[in-house]
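Good morning, and thank you for coming. Please look at the structure on the screen while I speak about its aromatic rings.

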Amino acid sequence: MPRFLNFSETQPKYTRCFQVRKSQPNISIGTCTVLYGKEERPIIICPNRLLERKQVFTDCIHLLTLHEPGNEFHIVPEVSIPGGSVDYFLVSAKAGKVRDFVAVEFQTLDTTGTVWPERQRALKSLGLTVRSSDVKSTKSFGMNWKMTAKTTLVQLHHKIQTFEHIQKHLVLVVQNHFLDYMRSEFNFAHLASARLGDAMHFHSYKLNESGNAWRLELESRVSTDAEGIAKCLGLQAEAKVELEVIVAELEKKISANTILTLGTPIAPIEQMPTD
């Protein structure tokens, strides 16, 4: 039986969890990771869990090949580009002008069914009072591995030629279990160890248990190009935008509030209701 893990401490304390019940949108589910499957592996189901310590952004700094000492680092959320949007941009800027940037996308597993009864049973096991009807509910949830993986690759397929055309990098941040699934179900044999010259990078993270907490750590990095992503899906397509379009959008959004500092919370990623 899947079990509930609570990582609410990774969220900024003054924000509300965006995962809400479809039937009761005023109630937040507050679940970002569950133990799932026969092996009870910790599976991340909310991309905001990946914001821990902002490690995913520091792990992308080496891709800012035009960054120079004295430049500021900015994290700019939700940037629209022709053909879609990107979760975050890590930007190197000087005097309010963009010198370089890396696009950073997050992807975690989508669920089927509802996690609410399992959540309530977990709270009861901790001695909290919950409705008995929730605890007794036989409704369950599962992981939508196939659809999540396919949707992710299709989105990358639409975006990667944009970044290859302007000679910039796009990084997809995922959990190791999800990348393992994509390797097994799609054509990933051609992906090599991360190379700076590739536009598309996959950064895979694992959760390590340490005492009473779980810590997010980088496990592997691989990369490819636009042709490689098309090969994953067996498709071909074109999607090109000009560098000036993205730079203009970034320069409108960078400010003192987006400077990368350890004490400043990252703007969370908004999600659709999951229950």
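**Aromatic pairs in a predicted model**

Tryptophan 145 and tyrosine 181 are both buried, that is, under 20% relative accessible area, where over 50% is exposed and in between is partly exposed (1.4 Å probe, protein chains only). The model is predicted: local features need pLDDT of at least 70, side-chain atom pairs count only at pLDDT 80 or more, and totals for chains, interfaces and linings use all residues. Residues are numbered from 1 along each chain as its sequence is written, and side-chain values use heavy atoms, with hydrogens and water left out.

The mean pLDDT of the protein, the predictor's confidence in each residue from 0 to 100, is 84, and 88% of the residues reach 70 or more.

How many aromatic pairs does a search of the whole structure find? The search finds eight. Rings of Phe, Tyr and Trp (its six-membered ring) pair if their centres lie within 6.5 Å; planes under 30 degrees apart count as stacked, over 60 as edge-to-face and the rest as tilted. Tyrosine 88 is buried at 1% relative accessibility, and phenylalanine 106 is buried with a relative accessible area of 6%. For tryptophan 145 and tyrosine 181, the centres are 5.5 Å apart and the planes at 35°, so that pair is tilted.

Finally, Phe57, Tyr88 and Phe106 form one aromatic cluster.
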